[in-house]
Amino acid sequence: MKYEKKLFAFAIHFTRILLPLGLLAIGVAEGAEPGKLNVQVTEPGVRISPTLYGLMTEEINHAYDGGLYAELIQNRAFKDGPKIGEAPDPNHPPHWSLVKSGTADGAMKLDATNPVNSTALSTSLRLDINGGDGCIGAANDGYWGIPVKTHTAYQVSFYARANCDLKQPLTVAIESADGKTVYASATVEGIGPEWKKHHATLNVGEAKSSTNNRFVISAPTGSKCSVWLSLVSLFPPTFNNRSNGLRPDLMQMLAGLKPAFLRFPGGNYLEGNTIEERFDWKKTIGPLEERPGHVCPWGYPSSDGVGLLEFLTWCEDLKMQPVLAVYAGYSLQQQRVTPGSDLQPFVQDALDEIEYVTGGPETTWGAQRVKDGHPEPFKLNYVEVGNEDNFDNVKSSYEKRFAQFFDAIKAKYPNLKIIATMPVRDRQPDLVDDHYYRSAREMERDSDHYDAQAGGRPKFSRSGPKIFVGEWATTEGRPTPTLQAALGDAAWMTGMERNSDAILISCYAPLLVNVNQGASQWGTNLIGYDALASFGSPSYYAQKMFNENRGDRVLPVQLDVAPGKPPEPPMPHGKIGVGTWATQSEYKNMKVSMGDKVVYSSDSADSTDDWQPGAGEWSWDQGTLRQKSNDVNCRDTVGDTKWTDCVYTLKARKISGNEGFLIMFHVQDDDNWLWWNIGGWNNSRTVIQKTEHGASRELGRAQNITVDTDRWYDIKIETKGRHIRCYLDGKLLSDVDDTPEPPALPVYATASREDASGDVILKVVNTEAADRPIEINLAGIDGVKPQALVEELAGQPDDVNTLADPTHVATKTMTIDNAATRFTHVFPAYSVTVMRLKRS
Ligand code: AHR
């Protein structure tokens with residue numbers, strides 16, 4: 001679902017973090033006064049779950065295809081259409097182009113006759129060699145290029161047949177995009193009249209790393225002839241040399257997090273937009289020739305090269321346990337299966353899936369796994385039923401669907417722990433999956449969410465199911481988080497660690513993003529890459545520091561720090577705009593008035609020239625602004641960032657697509673704006689969303705207003721000071737105040753003890769602009785060694801890592817020599833610090 005949508009109630013409770021009352025008032029202390037951190041070393045608290053940190057994954061942002069999955073050919077089966085879900089255009093297979101050399105004459109076209117098979121490989125590319133002298137070939141541009149690395153061997157495979165006796169072999173090559181430099185080439189003989197799979201190795205010698213390259217498969221001219229190609233594949237070396245494997249640099253980066261588990265296959269990717277488009281696991285196993293691929297809800301096709309078995313071997317390679325999410329009969333476009341006999345086949349599918357993962361060779365699906373190349377069953381502890389079923393508008397639907405899955409799974413696999421995606425009453429799930437996408441301030445303020453007590457009162461009850469924080473992230477920074485986001489994450493992790501008796505497992509989301517223009521659908525993602533290289537974000541390093549230094553027992557801490565003075569937030573103001581999300585809509589008669597004065601009207605001459613389109617295909621036609629693409633997060637804005645106290649009116653009409661209208665106001669820049677989201681969340685909800693530093697929250701309550709296609713709506717937004725009123729067809733639907741976010745605490749801390757080493761581990765997050773001296777008191781032990789290992793992540797709030805500067809913000813390790821049972825350490829401005837104190 002879109003990244004703006006998550007908003008959960010927050011509450012400020014000071015439990016283990018005690019602030020002197022006098023210091024709570026805003027503006028008491030400017031700068032950073034010395035603070036105190038008391039740690040009760042001899043009173044160990046709850047046990048920290050050894051599986052607290054894992055990975056969440058799904059096909060989003062080209063996470064697999066064009067990411068972790070090492071396949072380099074995009075549209076290898078020639079089945080992609082001009083738009084997702086559309087049939088291929090025979091004359092324009094995406095990512096393929098015709099190349100000719102010399103005087104060669106030829107053509108290429110998709111051909112559905114006589115395919116390799118009629119299910120997964122139902123079409124092929126026909127290369128017609130008509131004459132001349134040279135070669136006719138088909139070039140593939142990969143996923144934003146084909147990476148060339150020095151001294152690297154690439155494995156090529158493809159199906160081919162020909163209707164003539166080719167006098168010379170086919171040539172396969174990796175070459176620069178302009179064809180001028182050939183990095184590696186090989187020949188393939190034996191192309192006959194029947195389909196046959198061919199293989200070749202392309203050895204790149206000494207070469208500079210680059211991505212602006214293509215893969216070409218070409219045939220010589222000579223006799224008039226046609227050659228058909230199917231399932232054209234190119235693999236670089238893979239992690240653990242697995243065939244159909246994963247990218248080594250990304251796997252190493254993931255291994256660095258020491259994840260305890262992998263949650264797969266989603267996420268929305270599990271559900272699909274429609275039931276038909278769900279992750280249908282049985283279609284993702286076996287030879288690639290038999291995997292049809294499917295439409296992914298994130299707006300591009302999935303090859304399903306990463307199928308169920310690849311998820312499992314990925315777990316095996318990184319020593320993670322699988323957290324298997326099974327499709328639960330609900331898909332994103334409000335499609336659901338009725339509980340009872342209609343749902344039964346889906347329940348059976350889930351049982352089969354568990355059998356595929358865990359069953360012995362004597363079982364039907366265990367035998368299938370053996371046939372697919374993995375004799376050993378996998379150990380499975382957790383099964384999640386569905387994903388985010390709180391978005392199912394039929395409120396009782398999940399309750400009943402969950403019960404049916406729960407009963408069937410527990411009956412056959414009583415030891416499996418079953419995760420519900422929202423609270424349910426009729427059955428007691430073992431865990432409930434909570435999701436949080438928020439600003440840094442919200443993460444910090446709510447880091448005590450799961451505390452058992454606040455101010456001496458019960459807070460988060462321990463009597464219910466355990467918690468799986470199955471998606472969480474501070475959503476500041478695009479396409480990867482800023483240091484400020486990492487601080488929010490770290491503050492949040494102090495809360496998860498402290499409450500690890502309730503939270504057994506947790507994982508950040510999304511995990512992966514291809515940073516090329518147009519490759520991503522989600523704002524903030526943990527690890528970025530292109531075809532060649534990858535980098536971890538500051539949040540990646542914060543997680544690594546926390547997980548590597550988790551400890552086994554929580555130690556109670558008392559933190560006493562004075563908050564600095566937060567800046568006075570200005571009154572809301574900004575430009576206006578319109579937007580769409582996987583939808584084609586048009587807008588006209590945009591008018592902005594301030595008092596009696598009309599400051600903008602799209603109906604005045606030349607007024608349409610000033611609009612500044614972002615993503616999407618925006619065009620004007622006789623005073624109507626139209627967005628045609630199916631991209632998400634399309635925006636077009638106009639006006640003055642100083643506009644305030646405005647009345648903004650316009651007409652809007654939906655042409656096609658999943659959602660409705662996004663009406664923007666108070667737009668400051670790409671990362672700071674408001675929109676009224678009418679018919680959002682697959683046309684199920686309408687609410688105002690405010691985005692600050694790229695992180696969104698909702699203002700006021702959402703309504704179940706949906707948008708009809710092909711109907712003009714009248715929209716009006718009035719703003720006065722912080723007050724906002726939104727009208728649809730003259731009806732007031734939202735009447736809210738845009739109140740500034742309350743400040744968060746300046747410092748967050750947690751402490752733990754590691755059983756094996758006896759080390760006391762402190763984790764301190766300083767979210768403020770000033771260095772903070774803190775006196776650390778370790779109560780209950782006689783002494784610690786003066787030398788202590790300190791890991792530090794620090795910088796400026798907006799700092800990010802990029803492909804060009806991958807470790808701009810990264811963990812620095814140092815040793816201090818003044819550690820004692822009472823000593824002072826200065827925690828740098830905007831920093832995460834982990835300190836290991838050794839008992840003497
Ligand atoms: O993590 C991205 C998406 O956020 C997931 O697919 C979905 O579960 C949530 O809405």
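The questions below concern a predicted model.

Me: In what order do the 3 strands of the open sheet with mixed pairing stand?
Reply: The edge strands of this sheet are S26 (512-514) and S28 (534-536), each of which pairs on one side only. From one strand to the next, the twist averages 20°. The order is S26-S27-S28.

Me: Which residue of S27 is the bridge partner of Asn514?
Reply: Strand S27 covers residues 527-529, and S26 pairs with S27 in the parallel sense over 3 bridges. Within S27, the partner of Asn514 is Tyr529.

Me: Which helix packs on the sheet and touches S26, S27 and S28?
Reply: The direction of this helix makes about 10° with that of S28. The helix spans residues 248-256 and is H1.

Me: Which residues of H1 are buried?
Reply: The cover over the buried residues of H1 includes strand S2 (53-56), helix H3 (308-317) and helix H9 (538-548). Strands S26, S27 and S28 also belong to that cover. The buried residues are Leu250, Met251, Met253, Leu254 and Gly256.

Me: Is Asp249 buried, partly exposed or exposed?
Reply: The side chain of Asp249 meets that of Arg247 in a salt bridge, with 2.8 Å from N to O. Arg247 has a relative accessible area of 9% and is therefore buried. For Asp249 the relative accessibility is 22%, so this residue counts as partly exposed.

Me: How many residues apart are Glu548 and Lys258?
Reply: The side chains of Glu548 and Lys258 meet in a salt bridge of 3.5 Å, N to O. Glu548 is in helix H9, while Lys258 is in the loop between H1 and strand S13 (261-264). The pair thus links distant parts of the chain, and the separation is 290 residues.

Me: Is Lys258 buried or exposed?
Reply: Lys258 follows H1 and has a positive phi, near 50°. Its salt-bridge partner Glu548 is partly exposed, with a relative accessible area of 27%. The cut-off for an exposed residue is over 50%. Because Lys258 has a relative accessibility of 52%, the residue counts as exposed.

Me: Which residue of S16 is the bridge partner of Arg263?
Reply: S13 pairs in the parallel sense with S2 over 2 bridges, and in that pairing Arg263 is the partner of Met56. S13 also pairs in the parallel sense with strand S16 (residues 321-326), over 4 bridges. In S16, the partner of Arg263 is Val323.

Me: Which residues of S13 point the other way from Phe261 and Arg263?
Reply: In a regular strand, side chains alternate between the two faces of the sheet. In S13, Phe261 and Arg263 point one way, and all the residues on both sides are buried. Those pointing the other way are Leu262 and Phe264.

Me: How far apart are the axes of H4 and H6?
Reply: Two packed helices are described by the angle between their axes and the distance between the axes. Helix H4 (residues 344-358) and helix H6 (residues 395-412) pack at an angle of about 35°. Their crossing is right-handed. The distance between the axes is 10 Å.

Me: How many residues of the contact of H4 with H6 are nonpolar?
Reply: On the H4 side the contact includes Phe346, Val347 and Leu351, and on the H6 side it includes Phe405, Ala408 and Ile409. The contact also has 2 polar and 2 charged residues. The nonpolar residues number 8.

Me: What separates the C-alpha atoms of Gly45 and Ser341?
Reply: Gly45 lies in the loop between strand S1 (35-40) and S2, and it is partly exposed, with a relative accessible area of 28%. Leaving aside residues up to four places away in sequence, Gly45 touches Arg553, Val554 and Pro556. Ser341 is 296 residues from Gly45 along the chain, and their C-alpha atoms are separated by 48 Å.

Me: How many salt bridges does the count come to?
Reply: One of the salt bridges joins Glu768 and Arg772 at 3.0 Å, N to O, and both residues are buried. Elsewhere, Glu586, Asp621, Arg626, Arg653 and Asp710 are linked in a network of salt bridges. The count comes to 50.

Terms used: Residues numbered from 1 in each chain as written. Predicted model: local features only at pLDDT ≥ 70, side-chain atom pairs only at ≥ 80, totals over all residues. Heavy atoms only, no water. Pairing = 2+ DSSP bridges. Axes fitted to C-alpha atoms, helices over the stretch in contact; angles between N-to-C directions. Contact = heavy atoms within 4.5 Å. Left-handed = near helix turned anticlockwise from the far one by under 90°. Nonpolar A, V, L, I, M, F, W, Y, C, P; charged D, E, K, R; others polar. Buried < 20%, exposed > 50% of the residue type's maximum accessible area, 1.4 Å probe, protein only. Salt bridge = Lys/Arg side-chain N within 4 Å of Asp/Glu carboxyl O.
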